[in-house]
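Welcome, and please open your viewer. We will go from stop to stop, selecting a few residues each time and looking at what is there.

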Amino acid sequence: MSSLFSAVANGVSGLMKVGSQHASSATPPFPEVPDASVPATTTLEETVATSVTIESAPTSEVPDAASMDVDAVNAGAVVVNAEPAQPAAGPSGSGARDFSSAPAPSATSRASSLPVGLDAAAPRARFGYVFDERMMLHAPLAGAHPEAPARIVGVHSRLREAGCLARMKLIPIRSARKMEVLLVHSEDHWEKVMMIAAMTPEQIGMSESYYEHLSLYVCPRTTQVAMLSCGGVIEATLAVARGHLEKSFAIVRPPGHHAEPEEHMGFCFFNNVAVATRVAQQLTPMKKIMILDWDVHHGNGTQRAFLDDPSVLYISLHRYDGGRFYPCGPFGGMDSCGEGAGEGTSVNIPWPCKGMGDAEYLHAFMQIVMPIAVEFAPELVIISAGFDAADGDELGECHVTPSGYAHMTHMLSTLAGGKLVVALEGGYNVESISKSALAVTRVLLGDAPPELKPLVANETGTETVWAAAAYQSRHWKGLNPKACEPREGALPGDWLDKGLYEYAEQTISIPELLKLYRQQHLFREYRMVQVPLLDEEVDERYQAQVICSPDVMENDTLVLLIHQFGNLRVELAGALTCDVRQECSYLIDVTKELVEWVTKERGFSYVEVNTYPRPLQPHHKRSWSELASEVASYLWDNYIQLSSASKIILIGHGPGCSTVMDLMAARARSVMKKVKAVVLVVGTEDIPQVPKDDDELRLWYMKHSLVAVPQSHPFVVDGKLRKRHGKVTPYDEIKAVKLLSRALPDIQDYIDSKLSRSKALPLTATNDLNGTAHAP
């Protein structure tokens with residue numbers, strides 16, 4: 001076998017030389033310092049102001065090595081007549097080749113970071129994505145393979161069906177240029193990838209065992225697709241680094257994080273993220289860049305590219321299994337933390353076994369990833385987003401859910417002023433990768449991450465996080481290993497174990513304090529009392545948070561408010577310690593005017609549910625939204641339905657809006673009979689939708705609803721709502737906490753009109769987003 005492998009390897013080596021000679025005989029050698037008259041990149045203003053021509057070669061034409069210049073391999077080109085931009089110099093001492101003054105050697109240059117045809121007067125986009133069907137051309141010649149074209153097709157289709165792509169700009173893709181690739185990879189590596197396009201099907205078959213040894217497969221289009229994948233990540237990164245976009249998502253394949261400076265391996269040919277990082281450092285002001293790699297496999301190529309570079313922070317969470325999990329070996333272990341000036345800027349959190357999920361990953365994020373990231377203070381964050389740790393991926397055998405990925409993305413979005421790039425890496429279950437990518441994209445677009453159920457990190461995970469924090473604490477002052485040290489007798493994930501363990505008996509949470517204040521205030525001012533609850537867990541977590549006026553059973557008109565009480569404004573003494581300056585902190589109660597109007601001015605009975613529960617404990621089994629829906633249904637069945645109220649008003653505020661919608665769906669017939677108006681003050685949350693399978697409820701809701709949202713809500717575009725969510729009124733108030741006060745006059749008029757207390761309804765309360773007035 002060894003002699004056979006040597007023979008095949010020698011044959012491939014000879015083929016590489018033949019391919020290189022063929023390329024060099026047909027075309028002049030690549031110039032290291034090309035003509036400075038040719039622009040390398042195009043700025044946003046130049047792209048908008050100049051005419052752009054796209055020329056794509058037929059997809060059926062297979063290029064040979066001689067046809068591959070630095071701009072494209074049958075990838076199409078954009079001709080731009082504009083003056084070249086002057087890129088910034090690269091980081092000193094980083095070891096990167098400086099091509100800041102060296103534009104592309106081709107007479108055609110791909111427009112960077114913006115879709116062609118963008119109108120100069122159009123508003124600048126905030127989010128973008130990269131996708132091109134030509135990346136499907138890299139496919140095995142025979143048999144099935146995990147790294148298949150269906151991966152990006154599934155992701156793209158899921159994002160399109162969810163309406164995400166309609167909220168994003170398509171960033172033009174191009175092939176990576178040789179000078180860009182050489183910032184990370186060697187000349188030999190470049191030639192090896194270029195050689196693949198010159199191979200015949202027979203030569204590809206002969207070299208199959210060689211590439212299988214590297215965990216690769218090749219086909220005639222592999223070189224073209226690898227260059228497109230790398231170029232796509234470069235363009236997605238430049239779009240954000242130059243300030244043209246806030247966030248971007250590169251839906252590309254093949255992946256890249258296993259490709260080392262001297263070798264392609266592990267489904268990867270060029271290290272997309274590493275090359276994009278170096279290009280961004282060369283061409284933009286972004287010098288300190290953080291790469292977070294959550295692929296289930298260690299990104300050996302990415303870490304090796306920046307091993308001695310302190311300007312790039314690389315953090316990886318991956319299965320290690322004592323060095324037995326791919327890519328195998330000691331590199332990627334806890335003690336593999338960089339060399340020389342870069343010591344400490346490589347951070348590995350190596351899981352010792354399969355089965356890690358949301359609890360373990362989020363525990364690692366809060367104890368290691370985010371403290372180090374805040375201390376490093378990156379100017380740009382790039383996620384190597386492999387989704388093979390997702391639940392359902394048979395290669396990774398881990399259990400991270402789409403909600404888990406969304407929360408990790410949400411935390412990373414708080415860094416670098418929100419400048420975030422997501423580049424697709426691994427993930428080989430199409431359903432899992434599509435759902436996970438959708439959850440991440442929604443967070444990129446500004447949507448709130450989905451709710452997580454109570455989480456408890458397992459013993460192996462907490463031990464690994466503690467050990468990694470202890471090892472890295474020698475390099476990072478912000479890490480506190482004692483805060484995550486497993487303690488005997490304390491369950492992992494117990495909220496008392498998060499720095500409050502020694503004060504367990506003396507501790508009272510902030511929600512508890514707010515609950516006590518609310519109960520005392522409503523009793524003193526309005527003689528309101530607590531509503532008893534029968535379910536043990538519901539009563540434990542919502543005790544004294546369901547309150548009603550004394551006339552709740554007799555009054556003909558009843559208002560039910562569902563909200564989360566407690567808008568705190570806290571001033572910190574310092575960013576490092578986060579100590580609270582109590583004398584400068586305060587509580588905002590935006591419901592005071594509403595309660596006063598309901599009870600004293602109108603004389604209605606009043607019931608409120610504060611859905612902000614007590615802190616989660618390990619024995620709790622249900623999330624706050626599940627409990628809130630149960631509480632609302634319990635109130636409806638056992639109090640409201642049995643009361644004398646024939647006219648009921650439902651009001652949801654903030655997260656309480658979804659609970660109102662759950663109640664409507666669960667008790668649709670009785671709600672439509674007794675409820676006269678539904679008011680939702682949404683804020684920045686998603687606008688709840690009526691169940692699609694109940695047409696009667698949907699039509700009723702359209703006639704009886706008022707939904708208040710900020711003008712800046714992501715569902716409102718150019719003054720119009722993307723989907724039907726009831727009668728939506730946008731307000732020019734950008735702060736969600738002030739939205740209820742701003743909309744209160746319209747809410748009062750709307751409720752009065754529905755209760756026949758007013759003869760005419762002001763247009764401001766019932767105008768739809770197109771300005772058309774509706775009768776009540």
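Start with the aromatic rings: the structure holds 11 aromatic pairs. Rings of Phe, Tyr and Trp (its six-membered ring) pair if their centres lie within 6.5 Å; planes under 30 degrees apart count as stacked, over 60 as edge-to-face and the rest as tilted. Before you select anything, note that this is a predicted model, in which local features need pLDDT of at least 70 and side-chain atom pairs count only at pLDDT 80 or more, while totals for chains, interfaces and linings use all residues. Residues are numbered from 1 along each chain as its sequence is written, and side-chain values use heavy atoms, with hydrogens and water left out.

**Stop 1: aromatic pairs**

Select phenylalanine 267 and tyrosine 428. Their rings make an edge-to-face pair, 5.5 Å centre to centre with 85 degrees between the planes. Phenylalanine 267 sits in the loop between strand S5 (247-250) and helix H9 (272-283), and tyrosine 428 in the loop between strand S10 (420-424) and helix H13 (430-444), so the pair ties together parts that are 161 residues apart in sequence. Helices (H or I, at least four residues) and strands (E, at least two) are DSSP runs, numbered from the N terminus.

Both phenylalanine 267 and tyrosine 428 are buried. Buried means under 20% relative accessible area, exposed over 50%, and partly exposed in between (1.4 Å probe, protein chains only). Phenylalanine 267 has a relative accessibility of 18%. Check its backbone too: phenylalanine 267 has a positive phi of about 75 degrees although it is not a glycine.

Now select tryptophan 351 and tyrosine 361, which are both buried. Their ring centres are 5.4 Å apart and their planes at 50 degrees, so this pair is tilted. Tryptophan 351 belongs to strand S8 (residues 346-351) and tyrosine 361 to helix H11 (residues 358-376), so the pair ties together parts that are 10 residues apart in sequence. For a further ring group, pick Trp294, Phe387 and Tyr405, which form one aromatic cluster.

**Stop 2: charges over rings**

Select lysine 288 and phenylalanine 376: the charged end of lysine 288 sits over the ring, 4.6 Å from its centre. Then go to arginine 474, which lies over the face of tyrosine 471 at 4.0 Å from the ring centre. A charge sits over a ring if NZ of Lys or CZ of Arg is within 6 Å of the ring centre and within 35 degrees of the ring normal.

**Stop 3**

Which residue does a cis peptide bond join to proline 254? It is arginine 253, and omega is about 0 degrees. Proline 254 is in the loop between S5 and H9. Next, select tyrosine 326 and proline 327, where the peptide bond is also cis, with omega near 10 degrees. Proline 327 is in the loop between strand S7 (312-319) and S8. Aspartate 321 lies in the loop between S7 and S8; it has a positive phi of about 50 degrees although it is not a glycine. Aspartate 321 is buried, with a relative accessible area of 11%.

**Stop 4: an open sheet**

Show the eight strands of the open sheet, in the order S11-S12-S16-S13-S17-S18-S19-S22, with mixed pairing. Its edge strands are S11 (529-530) and S22 (728-731), each pairing on one side only. Two strands pair if DSSP finds at least two bridges between them.

Zoom in on S18 (residues 675-681). Six of its seven residues are buried, so S18 is largely enclosed by the rest of the structure. Strand S17 (residues 647-653) runs parallel to S18, joined by six bridges, and isoleucine 648 stands opposite valine 675. Four bridges join S18 to the parallel strand S19 (residues 705-710), where alanine 708 is the bridge partner of valine 681.

Helix H19 (residues 656-666) lies across S13, S17 and S18, running at about 140 degrees to S17. Helix H21 (residues 695-704) packs on the sheet, touching S18 and S19, and its direction makes about 75 degrees with that of S18. Axes are lines fitted to C-alpha atoms, for helices over the stretch in contact (heavy atoms within 4.5 Å), and angles run from 0 to 180 degrees between N-to-C directions.
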